[in-house]
Protein chains: 2
Amino acid sequence: MRATGIVVEYNPFHNGHLYHVAQAKKIAQADVCVAVMSGSFLQRGEPAVVDKWTRTKMALHAGVDIVIELPYAYSTAQARQFASGSISLLHAIGCESVVFGSENGDIAPFSHTHHLISSHRTEYEAKIHEAMQLGLSYPKALQHAYQHVLTYATEATVDLAQPNNILGYHYVEAAHELTIRPLTIPRIAAHYHDENMAHDTIASATAIRKALFDTKNLRDIEAFVPAPTYEALTDWQTHSDFIQWQTFWPLLQHTILQKTPQQLTQYVDVSEGIEFAFIKAAKTSTSFAEFMQKVKSKRYTWTRLQRMITHIFTGYTKELNATFTAPRYIRLLGITKNGQAFISQQKKSIPLPLISRVASSDDAMLQFDLQAANLYDVGANMTRSAPRLNVDYRTPPLRL
Amino acid sequence: MRATGIVVEYNPFHNGHLYHVAQAKKIAQADVCVAVMSGSFLQRGEPAVVDKWTRTKMALHAGVDIVIELPYAYSTAQARQFASGSISLLHAIGCESVVFGSENGDIAPFSHTHHLISSHRTEYEAKIHEAMQLGLSYPKALQHAYQHVLTYATEATVDLAQPNNILGYHYVEAAHELTIRPLTIPRIAAHYHDENMAHDTIASATAIRKALFDTKNLRDIEAFVPAPTYEALTDWQTHSDFIQWQTFWPLLQHTILQKTPQQLTQYVDVSEGIEFAFIKAAKTSTSFAEFMQKVKSKRYTWTRLQRMITHIFTGYTKELNATFTAPRYIRLLGITKNGQAFISQQKKSIPLPLISRVASSDDAMLQFDLQAANLYDVGANMTRSAPRLNVDYRTPPLRL
């Protein structure tokens with residue numbers, strides 16, 4: 001059996017993702033699709049709209065055969081680390097390729113970009129360093145350095161000003177290092193003439209979340225998600241609110257105001273005086289939006305600030321982060337019969353422990369995933385009449 | 001003008017307190033009554049049922065002339081430190097005496113007890129140490145040591161098995177050190193024949209809180225509190241719930257689960273493995289009561305556990321606590337015209353800064369009082385449609 005991998009968040013799953021899964025299997029000529037999925041907190045530094053188990057169920061019903069968890073240490077990291085953690089897990093489980101979405105669906109410009117940057121690595125990194133010293137944000141510094149090495153380009157490259165292209169570039173970079181084949185498919189929004197997927201069934205996850213939070217009426221998004229996703233969201237809504245930072249606001253405000261500026265700098269990414277801004281803003285804000293408005297500055301992107309906030313919320317320290325160098329386990333969140341057949345075939349060649357029962361492991365990276373999930377549930381429980389406790393510890397992989 | 005001092009929590013103010021204030025002035029032959037009052041968190045390791053400003057208003061309307069705040073560092077400490085902080089502030093502001101309530105209203109047994117213990121101090125402390133090594137709780141160890149020195153007693157002493165007597169004993173101890181005269185009056189419960197205070201107008205603060213939390217109907221307690229207290233409670237209820245640990249439960253659960261066992265031991269009193277019990281219980285409890293039931297053991301009194309929890313909630317570290325040796329300021333919460341006249345007379349002889357505007361001070365002990373108050377309000381805000389922010393920083397002393 002041949003497997004291909006995809007890197008996902010499914011926040012929430014929608015018809016565009018359905019297309020992505022089908023296309024990935026098709027262009028990779030794969031029998032099995034493995035998704036490595038962020039758990040409780042996502043790459044933009046946000047809690048997921050519904051928990052990892054609900055999103056796993058959506059994925060299994062939509063053609064994904066195996067869902068494994070991208071550990072917190074990677075799911076909340078910047079693009080390079082996020083990509084390298086994801087690709088290394090897909091490689092470890094035995095995927096021959098990884099398929100990601102891009103604007104035009106052509107892998108060549110990504111490969112050329114990768115080649116261009118690797119062959120000018122020293123200059124490129126010196127330029128990033130130089131730009132950041134001048135106070136530019138990390139993405140701006142990357143662009144600056146990239147503009148510089150672009151002068152050496154001889155073939156078409158990708159525009160690294162687009163966040164999705166930055167992720168794609170890092171997938172390709174990590175794939176090259178691990179000898180897993182990078183493939184890309186065009187994003188569905190470009191395919192409005194696609195016969196099986198009429199344009200009015202596609203909406204972005206951002207638009208869908210907006211509807212979930214604003215009108216809270218699931219009928220508004222029914223057309224844009226597969227039926228099992230719709231059911232899973234309906235079920236979630238009967239016992240919990242959909243989750244966003246505002247849901248967790250009192251917890252966040254408390255955790256910031258309970259600490260000295262110096263204590264705040266123990267958390268990953270928090271430094272350079274932003275800790276004072278966090279405390280000052282937490283003292284005077286009545287909502288997450290107001291808080292963010294007060295801490296936002298040119299120096300930091302919204303995403304970078306949200307990641308710092310995620311680490312403060314979950315208690316993810318620099319000390320702990322420094323002990324992690326690579327994923328040390330593959331945590332199974334869900335699997336189909338087809339996926340199970342693939343695992344049976346691969347079992348002996350998977351170099352990392354495949355974890356179904358978390359009680360069987362005391363890996364510190366996995367323990368932190370459980371901690372993040374518990375804190376996510378403490379927040380979600382504020383909206384629930386029947387609180388859920390220790391869910392992540394008790395839940396076995398979903399099987400379909 | 002002559003001033004007497006009282007040590008209070010007013011959680012909430014009731015008719016017994018009204019009697020206490022009047023009697024204190026009478027037996028001390030004082031023109032002015034100064035109350036040193038715990039702020040947001042109290043000696044039993046609990047948040048106050050309403051905030052310090054509401055309780056200050058109750059006091060000023062009931063005969064107290066000056067309300068000063070007992071800093072967090074003392075208000076949440078065990079009896080000896082609580083008493084020494086309180087008495088030293090009353091002494092600093094110029095009180096000639098301190099009046100406390102006791103069962104029989106006789107100061108002699110307290111003085112004899114103090115004399116007995118001070119003249120056998122070494123033996124007494126050795127016995128406490130011995131008993132704690134054997135695993136007894138601190139109050140039990142005190143009793144054990146006291147039983148031992150009691151064999152030397154030649155006059156009537158007090159029963160130190162009663163928590164109120166322990167506090168009284170420490171007031172007397174601190175008063176002796178500071179040459180302020182200790183006085184005691186009988187508790188009102190013993191005075192049911194008192195003409196002006198019929199028995200059916202007296203209920204304990206515990207009973208009143210129970211009514212506030214259970215029926216939430218203020219009519220049930222109207223008979224037991226002065227009219228201004230009733231109004232203040234009514235006003236509080238229009239915008240907030242009455243506060244108890246359960247109100248703060250999600251914040252407490254989050255702050256415990258966000259930390260490693262080792263990180264929990266940075267907070268005052270947390271050690272000896274209780275940190276593991278806290279985390280385990282927080283993972284599996286849906287309420288504060290359930291949590292406490294799970295962490296309760298013979299080794300720790302309820303009060304001691306609640307104090308640890310208070311320090312975890314507010315972020316009060318051993319490191320910060322070690323920097324505090326004595327109160328360094330007198331924070332004014334409220335004052336009457338009569339109180340103001342006393343202050344004008346005393347001003348030059350008060351050895352500590354008298355603080356009305358907290359913005360004028362950066363004393364770390366005061367900053368922590370503000371932090372505790374802000375965290376109290378983050379919790380209270382969860383029950384409010386209009387959140388209150390930075391109240392303690394912005395509020396000037398109440399004047400009547």
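**Salt bridges and their surroundings**

Tutor: Let's start with Arg299(A), which forms a salt bridge with Glu272(A), their closest N and O atoms being 3.2 Å apart. The term means a side-chain nitrogen of Lys or Arg within 4 Å of a carboxyl oxygen of Asp or Glu. Arg299(A) sits in the loop between helix H14 (288-295) and helix H15 (302-314) of chain A, and Glu272(A) in the loop between helix H12 (261-264) and helix H13 (274-284) of chain A, so the pair ties together parts 27 residues apart in sequence. Helices (H or I, at least four residues) are DSSP runs, numbered from the N terminus.

A word on the ground rules: this is a predicted model, in which local features need pLDDT of at least 70 and side-chain atom pairs count only at pLDDT 80 or more, while totals for chains, interfaces and linings use all residues. Residues are numbered from 1 along each chain as its sequence is written, chains are lettered from A and ligands numbered from 1 in the order in which they are written, and side-chain values use heavy atoms, leaving out hydrogens and water.

At 36% relative accessibility, Arg299(A) is partly exposed; buried means under 20% relative accessible area, exposed over 50%, and partly exposed in between (1.4 Å probe, protein chains only).

Now compare a pair inside one helix. Glu290(A) forms a salt bridge with Lys294(A), with closest N and O atoms 3.0 Å apart. The two are four residues apart in helix H14 of chain A, so about one helical turn separates them. An α-helix has 3.6 residues a turn, so residues three or four places apart point the same way. Both partners are partly exposed: Glu290(A) at 23% relative accessibility and Lys294(A) at 41%. Elsewhere, salt bridges that share partners join Lys52(A), Glu69(A), Arg331(A) and Asp392(A) into one network.

Arg80(A) forms a salt bridge with Glu173(A), the closest N and O atoms being 3.4 Å apart. Arg80(A) belongs to helix H4 (residues 79-93) of chain A and Glu173(A) to helix H8 (residues 163-178) of chain A, so this link ties together parts 93 residues apart in sequence. Arg80(A) is partly exposed, with a relative accessible area of 36%, whereas Glu173(A) is buried, at 4%.

Over all chains the count comes to 36 salt bridges, yet across the interface of chain B and chain A the rule finds zero. His254(B), Gln258(B) and Leu389(B) supply 27% of the area that chain B buries against chain A, more than any other three residues. In this interface, 28 residues of chain B are in contact (heavy atoms within 4.5 Å) with 28 residues of chain A.

Finally, the symmetry. A rotation of 180° with 0.0 Å of shift along its axis superposes chain B on chain A (RMSD 0.0 Å), which is the relation of a two-fold axis. Leu251(B) comes closest to the rotation axis of the residues of chain B, at 2.8 Å (C-alpha). The same surface serves both copies, as 100% of the contact residues of chain B recur in chain A.

Definitions and conventions. Copies are superposed by least squares on the C-alpha atoms of residues with pLDDT of at least 70 in both. Buried area is the accessible area (1.4 Å probe) that two parts lose on being put together, summed over both.
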